[in-house]
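Trainee: Could you walk me through this one? I'd like to start with the helices and then get to the packing.
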Amino acid sequence: MLSGLVQRHKTAIRRADLSRPIRLAMEHGFLNHTTTLFDYGCGHGDDIGRLIQQGIDASGWDPIHFAENPRQPADVVNLGYVVNVIENPAERASVLRDAWSFAQKLLIVSARLSIEAKNGASSNPYADGYVTSRGTFQKFYDQRELCDWINEVLDLQSIAVAPGVFYVFRDNDLRQSFAASRYRRTAAIPRQKYSHLIFEQYRDLF
């Protein structure tokens with residue numbers, strides 16, 4: 001175990017573009033001018049600012065940067081790369097449940113994958129993850145591990161939409177409709193290489 005506290009205030013990063021989970025929600029038609037978004041753990045609020053500029057009703061909360069903002073219901077709730085920076089497994093599950101409680105139609109859950117740990121900076125084992133050289137905690141997931149964890153905590157079936165990105169639907173009919181549409185698109189479109197999908201998700205880091 002490492003001495004000292006995990007420095008959570010250092011986990012939020014600045015983005016040059018909308019995050020991958022938000023872009024996916026827009027591409028899939030779940031986030032537009034007729035829907036609301038709540039970004040749970042919004043960091044510096046970069047996604048919120050860009051969505052508001054596009055005329056989308058977006059708000060967010062972050063325990064470090066926007067602690068004064070209320071947590072509130074929305075059509076779409078984004079829990080973007082939050083669970084992987086929480087070092088306490090019980091708190092991690094509690095945050096997932098809390099975010100789900102605000103999602104009226106869709107919860108987006110994303111986390112960093114194990115493939116990043118192989119190429120990352122030196123880090124030290126801590127709890128079920130690592131403390132990085134910056135003093136931040138990272139729990140790296142395998143795709144199946146993340147899916148199983150979400151399903152177990154929420155007692156629901158999530159849908160993988162990209163490496164490290166999952167949808168959880170409030171309406172089961174909407175879930176089935178989306179799953180069917182993805183199956184039809186997959187059958188019609190040649191599969192992308194996994195390496196291409198990984199690059200697209202983490203292009204901000206590259």
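Mentor: What follows goes from a helix to a glycine and then to the cores.
Mentor: This is a predicted model, where local features need pLDDT of at least 70, side-chain atom pairs count only at pLDDT 80 or more, and totals for chains, interfaces and linings use all residues. Residues are numbered from 1 along each chain as its sequence is written, and side-chain values use heavy atoms, with hydrogens and water left out.
Trainee: OK, how many residues of helix α1 are buried?
Mentor: Six of the eight in residues 20-27, so α1 is largely enclosed by the rest of the structure; buried means under 20% relative accessible area, with a 1.4 Å probe and protein chains only, and helices are DSSP runs of H or I with at least four residues, strands runs of E with at least two, numbered from the N terminus.
Trainee: Which ones are they, the buried residues of α1?
Mentor: They are Arg20, Pro21, Ile22, Arg23, Leu24 and Ala25.
Trainee: Switching topic, where is Gly43 found?
Mentor: Gly43 lies in the loop between β1 (36-40) and α2 (46-53), and it is buried at a relative accessible area of 9%. Its C-alpha atom is separated by 5.8 Å from that of Asp62, 19 residues apart along the chain.
Trainee: And which residues touch the most other members in the largest nonpolar core?
Mentor: Tyr40, Leu79, Leu107 and Trp149 do, out of 28 residues, a nonpolar core being a set of buried Ala, Val, Leu, Ile, Met, Phe, Trp, Tyr and Cys residues joined through side-chain atoms within 4.5 Å. A second, separate core of 23 residues includes Ile22, Ala25, Val161 and Tyr167.

Key: Buried < 20%, exposed > 50% of the residue type's maximum accessible area, 1.4 Å probe, protein only.
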